[in-house]
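Please load the model in a viewer and keep the selection tool at hand. The stops below are meant to be followed in order.

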Amino acid sequence: MRRVTDFSQAASPLLANLKGRSFLTTGDFSRPELSALLDLAIQHKHGLIDPGSPLAGKSVALVFFNPSLRTRTSMVVAVQQLGGVPVVLDVGQGTWALEYRDGVVMDGDKAEHVKEAARVLSGYVHAIGVRCFPRMNDYEEDRAEVILRAFERHSSVPIINMESATHHPLQALADIMTIREKFGTVDQRKVVLAWTYHPRPLPMSVPNSFALAAAQYGMNLTIACPPEYELDPQLMAEVERHAEQNQGNVRVVHDLAEGCRGAEIVYAKSWGSLKYYGRLDEERQWRQHYRHWMITEQLMAKTHNGFFMHCLPVRRNVVVTDEVLDGPRSIVIDQAANRLHIQKTLLSLLL
Ligand code: CP
């Protein structure tokens, strides 16, 4: 294949349409756009595209309300490798603590409102990435994505979701890219999204985004989880709609071994229960019933020589055994590596 000089030469014309857009979930993009994006990221990874410096003279603010290893590093490196300047802001540590609710009396510890912060940043930078986990107290507040939406409302530059209360689309794109690399195709691949035990309830952003992207790419998706840990019904309706449109399918089972049987990919992840949302002590007690929901070699033996995936960070011998995580079918490091390639591609197109 011919080596081209930048993303704009290699990109399908429909990707020109992404310029200036925000990226909040993969649902923001059509299936053809997602497919073209994946093609481009894979070409970039294989050195078939020299991206040049499409971000020369541009800067990107990376606003973190929560910790990160992969997202922080890969976004900084992506922006720098494209010739831009990344500006990392840790909210409340080196920046003012930010308020995001409307109409509050700001007499607490929050010194600045997102209304001003987003507008000020929009004058300095060309895009704003935001990481804002759910507070896990009130599901309606978390589902409303109050922080991400406040940035979107008050910013005049594209907003990139670096993991919000309900979605982690950059991770999902890197995951689908990894599957495509391993199999050559994504459609109809048999994947189980496997709930696993974890000592405390975690956000649903990764499972939500993976399920949505798997459906958009026409995968044969099984979600294996205890009955109390089914994903949001509205999200599931969206997942089912995309699965139908893309000749994929989705089913939910409450038995981990059944879910793993015949799977080509086991995507392990823990998440919190909607039933116990905001009742952390009760939730913690309840999840003790499911301590045995861990990915082991015995479970992997039920798969169709399946690959093991996890977004990381992962708790060894709680979520997955050392043997599986260190074994030859574990592709967690490939997933993390692909974050850089997919983000460079996306940043080039959005900016
Ligand atoms: N997978 C992921 O987003 O990792 P970090 O939380 O370390 O960024």
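In which loop is N305 found? In this predicted model, select N305: the residue is found in the loop between α12 (297-300) and β11. Its phi is positive, about 50°, although N305 is not a glycine. N305 counts as exposed because its relative accessibility is 54%, and the cut-off for exposed is over 50%.

Next, select E163, in the loop between β6 (159-161) and α7. E163 is another residue other than glycine with a positive phi, here near 115°. Is E163 buried or exposed? With a relative accessible area of 9%, E163 is buried, since buried means under 20%.

Continue to helix α7, residues 169-183. The helix has 15 residues, and the distance from its first C-alpha to its last is 21 Å, close to the 21 Å expected at 1.5 Å a residue. Colour α7 by accessibility: 11 of its 15 residues are buried, so the helix is mostly covered. Among the buried residues are P169, L170, L173, I176 and I179. After α7 comes G184, which has a positive phi near 85°.

Now display the largest pocket, which holds about 610 Å³ of space. Its lining has 30 residues, and those closest to the centre are F133, L202, K269, L312 and P313. Helices α3 (70-81) and α8 (205-216) each contribute at least two residues to this lining. By class, the lining of the largest pocket comprises 14 nonpolar, nine polar and seven charged residues. At least three of the lining residues come from each of domain 1 (7-167 + 337-350) and domain 2 (173-336).

While there, centre on the peptide bond from L312 to P313, which is cis, with omega near 5°. P313 lies in the loop between β11 (307-309) and α13 (322-325).

The last stop is the second largest pocket, with about 320 Å³ of space. Which residues lie nearest its centre? Select T25, R143, T166, H167 and E238, which belong to a lining of 19 residues. The elements giving two or more residues to this lining are α5 (139-143), α6 (146-154) and α9 (233-245). The lining of the second largest pocket divides into four nonpolar, eight polar and seven charged residues. Colour the model by domain to finish: domain 1 (7-167 + 337-350) and domain 2 (173-336) both give residues to the lining of the second largest pocket, so this pocket lies between them.

Conventions
Residues are numbered from 1 along each chain as its sequence is written. This is a predicted model: local features need pLDDT of at least 70, side-chain atom pairs count only at pLDDT 80 or more; totals for chains, interfaces and linings use all residues. Side-chain values use heavy atoms; hydrogens and water are left out. On a 1 Å grid over the protein atoms alone, a cavity is a set of points where a 1.4 Å probe fits but cannot get out, and a pocket is an open set with protein on both sides within 12 Å along at least five of seven lines; lining residues have an atom within 4 Å of a point. Grid points are joined across faces, edges and corners, and a volume is the space filled by probe spheres set on the points. Helices (H or I, at least four residues) and strands (E, at least two) are DSSP runs, numbered from the N terminus. Ala, Val, Leu, Ile, Met, Phe, Trp, Tyr, Cys and Pro count as nonpolar, Asp, Glu, Lys and Arg as charged, and the others, Gly among them, as polar. Domain bounds come from an automatic or database domain assignment. The expected span of a helix is 1.5 Å times one less than its number of residues. Buried means under 20% relative accessible area, exposed over 50%, partly exposed in between (1.4 Å probe, protein chains only).
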